[in-house]
Number of protein chains: 2
Amino acid sequence: MNNLKNQFVSLKQAQAQLAMENAAAKNKALAAAAAAIDRNRDNILAANAKDVEKARAGGMKESLVDRLFLNGQRIDGIIEGIEVVIRQDDPVGRVCSGWTLPNGLLVEQVTVPLGVAAIIYESRPNVTADCAALAYKAGCPILLRGSSSALESNKALVAAIKAGLEEGGGIAGAVELAVSGSRDEIDEILTARGWIDVVLPRGGKELIRRVVENARIPVIETGEGNCHIYVEPSAVATSADIDKVIAIIVNAKLQKPGVCNAVETLLVHRDALATLMPKLAEAMAKKAELRCDTESKAAAGTTAGCTIKHATEEDWETEYLDYILAVKTVGSCDEAIAHINRFGTKHSEAILTNDLEAAQRFRTGVDAACVYVNASTRFTDGGVFGFGAELGISTQKFHTRGPMGMEALMTYKYLVSGSGQTR
Amino acid sequence: MNNLKNQFVSLKQAQAQLAMENAAAKNKALAAAAAAIDRNRDNILAANAKDVEKARAGGMKESLVDRLFLNGQRIDGIIEGIEVVIRQDDPVGRVCSGWTLPNGLLVEQVTVPLGVAAIIYESRPNVTADCAALAYKAGCPILLRGSSSALESNKALVAAIKAGLEEGGGIAGAVELAVSGSRDEIDEILTARGWIDVVLPRGGKELIRRVVENARIPVIETGEGNCHIYVEPSAVATSADIDKVIAIIVNAKLQKPGVCNAVETLLVHRDALATLMPKLAEAMAKKAELRCDTESKAAAGTTAGCTIKHATEEDWETEYLDYILAVKTVGSCDEAIAHINRFGTKHSEAILTNDLEAAQRFRTGVDAACVYVNASTRFTDGGVFGFGAELGISTQKFHTRGPMGMEALMTYKYLVSGSGQTR
């Protein structure tokens, strides 16, 4: 416990120093951190090998071991990630707006770093370097609390980053790694009022719930994505249209089913069922299971290789993260909107349509971070949106929403310039 | 308890409806609400008279009774407040930024209402109407939880507002008043996850602490203001300069000492003590007590009518809200910044100087919502800043900072327009 308290103090001290650094100084320090990672490849890979060995001995699934595993190429990727952050504009000190009051006072709203951030995350070592670099550039010291299964890798990475920051004339105390690996550590972070200004949980539903319920500091919820695509009748008017619709659904479901922006439920307008469902069953055959309501199941008919089960209420609220797609029939755009607003997680929602009014209604009515017209939900991503590195995808509406880059770690202050004004 | 649950449901239903209303429709409904208040003056005044009688019978201080009290003129003020909101631009649907991705997808970041708000506030009935109007225009249904001492007044006001909204074709369910007056009610609001999207506590330190510690929904902390003015030596170089400095300090301390943007501690550079302190003691004589550290006390000397006590550590952390000013000697701008960042409440901080470098250092180094150069701290106010009506002044850095108008009740969504793009 004591160790973490020392780290809180270090981060707090670093906060004031880092807030005074200009972009050139921050970039120089980050470049030195990248160079230090490059120089310490052997250490980092050796540490990672220990984590991997321990994980396999403990029976970790190979798909998870793969997330943990590092090699030379992946270290190149980590270094490239830091370089992306260096190339990004400095988000600090941007004048968002400004005006002069009748008494001559000039008021300017200027971006400033939010403060000390903490991130609690899964066993991916690249997240360690990405988040450290991104927070540093944003002027926010960061406490990294990675999975205990990646502890040796993270220790080696953070040691290199801190050494690099120091060499580059930067502030090594701005990056700290929580090392006990205990659950108590998480509770200590969540109750660190006055020390930590925001905590970002990344990972499973369970972790996020735990953080939200126990935090006494501001939280940014991330990740859960029960995403929908609504197919409106005008979208399947011609066979070319249908092909486009199928291509989007296939992409949103099959390209990477384990991610939060994959589609989980398809909402089909009753008038589109007959045209769409047989084609859909064909496209999903041997690739994904369908869970249909009665009407859509009847419309799908029987297609060789396509498993179609009856959907239950539970399907509407499930984020499968798997090769499963739920299908529900709706009678109108409003019914689709109502279903999404009830069962969605405010992540990414799409309408496929050629009807302008329906598109407009859907965009206004759906309460989600990203609302798509005629595109796959898979584009919700900080990198794709052009934010460079990504801290995660916020599914809350408070402070920041959707893919989070450095802007999510910004707040602002009002600078007021006078010449003796009194009220 | 059941009543509040019904209100949560009403507010949630209103949320979807209100999000679809355009500015003209919202303004029409608000104008009808103002007209209904005008028409129901007698009811409102009669209800208020009951509250006032009960408050006096219960021994409420007259200064507090005055906050509760309504008359014809104050009702005019309430109506004018709604008209100010009507005249303000609609904050919903503003495109904050937008860009086109390499694949042709158009991404637009557009403001949308945050959701259902709740406000827990002191016994001022004008806050009831102000916040109802402001939230309505922002597209956010609101649960009003006023002081139980203003319950009859609030009931009459909210009944008029709801009737007016209804008549004006608006959504009456978007404004709800919590009526039990019990403390349990507050706890029910604070744990209403899924129903309430943000809660704003307004009032004493005690209430705010309680809300922050118990809330399981996002909170915007407001109000506590331990504000400082730092007098740098160059600010007192000529007698004209000194007069300006004294005028600012007098204004910031004496014009309205009971408000959060009044100054509480003066930080004086050692080299400015001899020039400033005797003039300050003169200006504060018979008006405010000084609590000085040893050096500033010695410099002040003895002035007829000026009470000067020795300051203790406790003075640095106290928001007096009274005719008391603490004075501390510092050796540098950095020492002033460090004192402010340690004891301040991140509200409003000022430097008085003719030195550009000191001004710049102070603006960058001080962590507060509003940082002033050569002006009184008293300008931190939504009305003064030009935000129209004000929800309060945020002293947190998360989501919104400083004076809060309708923008504080906004979030955004990304609207993504495509033509069949897949990843």
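In this predicted model, 69 residues of chain A are in contact with 70 residues of chain B, contact being defined as heavy atoms within 4.5 Å. Together the two chains bury about 5,600 Å², with 55% of that area on carbon and sulfur atoms; buried area here is the accessible area (1.4 Å probe) that two parts lose on being put together, summed over both. A:Phe398, A:Tyr414 and A:Arg423 provide 16% of the area that chain A buries against chain B, more than any other three residues.

The model is predicted, with local features requiring pLDDT of at least 70 and side-chain atom pairs counted only at pLDDT 80 or more, while totals for chains, interfaces and linings use all residues. Residues are numbered from 1 along each chain as its sequence is written, chains are lettered from A and ligands numbered from 1 in the order in which they are written, and side-chain values use heavy atoms, leaving out hydrogens and water.

Turning to polar interactions, 41 residue pairs are in polar contact across the interface of chain A and chain B, both residues being at pLDDT 80 or more. A polar contact is a pair of N or O atoms within 3.5 Å; within protein, one must be able to donate a hydrogen and the other to accept it, and residues adjacent in sequence count only if both atoms are side-chain atoms. Several elements of chain A each supply at least two residues to the side that touches chain B, among them helix H1 (2-19), helix H10 (239-254) and strand E16 (410-421); helices (H or I, at least four residues) and strands (E, at least two) are DSSP runs, numbered from the N terminus. E16(A) gives the largest share of this side, 11 residues. By residue type, the side of chain A that touches chain B comprises 34 nonpolar, 20 polar and 15 charged residues, where Ala, Val, Leu, Ile, Met, Phe, Trp, Tyr, Cys and Pro count as nonpolar, Asp, Glu, Lys and Arg as charged, and the others, Gly among them, as polar.

Charged pairs complete the picture. Between chain A and chain B there are 6 salt bridges, each a side-chain nitrogen of Lys or Arg within 4 Å of a carboxyl oxygen of Asp or Glu. B:Arg193 forms a salt bridge with A:Glu221, with 3.4 Å between the closest N and O atoms. Over all chains, the count is 59 salt bridges. Within chain A, A:Glu264 and A:Lys253 form a salt bridge, their closest N and O atoms lying 3.0 Å apart.
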